[in-house]
Amino acid sequence: MKMNRQVVLASYVSDAAKPENFAMSESAIPEPGEGEFLLRNMYLSMEPAIRGWVDGKANYFEPIPIGGVIRGPSVGQVVKSCNQDFVEGDLVYALNHWEDYSICHSEAILLEKLKPETGIPISYYVGSLGGAGATAYIGLHEVGQIQAGQTVVVSAAAGATGSMAGQIAKLCGCTVIGIVGSDKKAKLIVDKFGFDAAINYKNDDVTKSVMAIASEGADIYFDNVGGPILNAMLPAMKVYGRIIGCGMISDYNRTDNPNPITNLWEMVSRQLTMQGFLLPSYQKKVPAAMAKLEEWIRAGEINVIENITEGFVNTPKAFCDLMSGNTVGKALVKID
Ligand SMILES: NC(=O)c1ccc[n+]([C@@H]2O[C@H](COP(=O)([O-])OP(=O)(O)OC[C@H]3O[C@@H](n4cnc5c(N)ncnc54)[C@H](OP(=O)(O)O)[C@@H]3O)[C@@H](O)[C@H]2O)c1
């Protein structure tokens with residue numbers, strides 16, 4: 001009998017996630033109930049947010065219990081349906097689980113029925129046209145209120161969300177500076193993603209480097225990392241600048257002992273606004289964001305890099321690689 005392979009949590013993660021924190025399991029392929037449909041997952045999205053769900057502590061979602069299947073976004077195809085809005089063959093993006101087959105329904109978080117454009121790979125709908133692209137677009141527009149002519153700084157700039165945020169900001173007519181963790185990534189974001197300048201936070205003083213490139217400072221800081229880089233960006237902001245709180249990956253392995261932020265007075269003296277956001281709260285804005293991103297990708301105005309791991313059994317390693325900075329662009333797993 002064909003079974004449903006799943007990745008489950010073997011032990012709570014207290015520091016950097018290791019492949020041993022996860023285990024492979026199998027169960028019967030589930031049957032969809034009324035209003036549900038069964039997806040055959042094709043691609044799994046590797047997301048830093050998953051780190052916050054595997055340490056046994058409450059986050060904005062319930063923690064995944066030991067033995068629980070790991071939650072994460074995927075793109076899959078409907079293979080059986082008891083929901084008239086989703087028929088066999090439909091392609092769907094939603095928050096599912098790390099497994100071959102997922103039960104899904106109309107109220108699923110992040111749910112989008114996909115109508116892939118000819119010539120655009122389905123895998124793009126996991127990242128640049130999925131959560132990462134939508135997060136970048138909505139973060140810049142809804143939270144950052146981006147305007148042409150501004151200076152925008154993006155951290156984790158070679159990653160899935162950061163590379164999209166930087167390119168979108170360029171297309172909005174901004175000067176864009178990226179912060180990354182290696183010289184190789186610094187070269188990549190300028191050469192491939194068209195950033196105006198790059199800073200390697202492991203070698204360079206972030207505050208001084210930003211001010212050397214943009215003497216008045218940043219209008220917008222798209223923050224993917226929090227911690228020391230957020231601290232260094234506070235004195236590099238313009239008066240009335242906006243900080244988009246997208247993620248704080250530098251604290252994800254140290255939630256009991258988060259990095260201190262010592263420059264908060266700059267919020268007052270520079271009259272800054274900082275707003276955090278979560279993509280699921282902006283679900284209604286996603287279709288318009290996707291349509292614009294599709295247009296840019298089709299026109300060759302946005303470059304996409306994917307870091308595709310082949311094979312379901314390699315999912316835990318793919319996740320650990322993402323969290324250790326070993327990837328560029330969108331990290332995803334292609335299910336065999
Ligand atoms: N708000 C939302 O709804 C939402 C949605 C999606 C993603 N996010 C957030 O967006 C951020 C980026 O996610 P992503 O999926 O696009 O991942 P990603 O940028 O593709 O990969 C993570 C990158 O983070 C950097 N990083 C890791 N540890 C770091 C540290 N201690 N200090 C500084 N940088 C570190 C690494 O780049 P370097 O080598 O350059 O350091 C790594 O490549 C995450 O914080 C994630 O939680 C938020």
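The model is predicted. Six strands make up an open sheet with parallel pairing, ordered S10-S9-S8-S11-S12-S13. Strand S9, residues 175-180, is mostly covered, with five of its six residues buried.

**Sheet layout**
- The open sheet runs in the order S10-S9-S8-S11-S12-S13, and its pairing is parallel.
- S10 and strand S13 (273-276) are the edge strands, each of which pairs on one side only.
- From one strand to the next, the twist averages 15°.
- In general, strands of a sheet pair through backbone hydrogen bonds, and the pairing is either parallel or antiparallel.

**Strand S9 and its partners**
- S9 spans residues 175-180, and five of its six residues are buried.
- Strand S8 (residues 151-155) runs parallel to S9 and is joined to S9 by five bridges.
- Serine 155 has isoleucine 179 in S9 as its bridge partner.
- Strand S10 (residues 197-200) also runs parallel to S9, and four bridges join S9 to S10.
- Glycine 178 stands opposite alanine 198 in S10, and valine 180 stands opposite asparagine 200 in S10.

**Crossovers**
- A right-handed β-α-β unit is made by S8, helix H2 (residues 160-171) and S9.
- A right-handed β-α-β unit is also made by S9, helix H3 (residues 183-191) and S10.
- Helix H4 (residues 206-213) lies across S8, S9, S10 and S11.
- H4 runs at about 165° to S10.

**Lysine 18**
- Lysine 18 sits in the loop between strand S1 (3-9) and strand S2 (22-28).
- Lysine 18 counts as partly exposed because it has 14 C-beta neighbours inside 10 Å, whereas a buried residue would have 20 or more and an exposed one 12 or fewer.
- Between lysine 18 and aspartate 191 the C-alpha to C-alpha distance is 33 Å, and the two are 173 residues apart in sequence.

Conventions. Residues are numbered from 1 along each chain as its sequence is written. This is a predicted model: local features need pLDDT of at least 70, side-chain atom pairs count only at pLDDT 80 or more; totals for chains, interfaces and linings use all residues. Helices (H or I, at least four residues) and strands (E, at least two) are DSSP runs, numbered from the N terminus. Two strands pair if DSSP finds at least two bridges between them. A crossover is right-handed if, with the strands pointing away from the viewer, the path from the first strand over the helix to the second runs clockwise. Axes are lines fitted to C-alpha atoms, for helices over the stretch in contact, and angles run from 0 to 180 degrees between N-to-C directions. Two residues are in contact if their C-beta atoms, placed from the backbone, lie within 7 Å.
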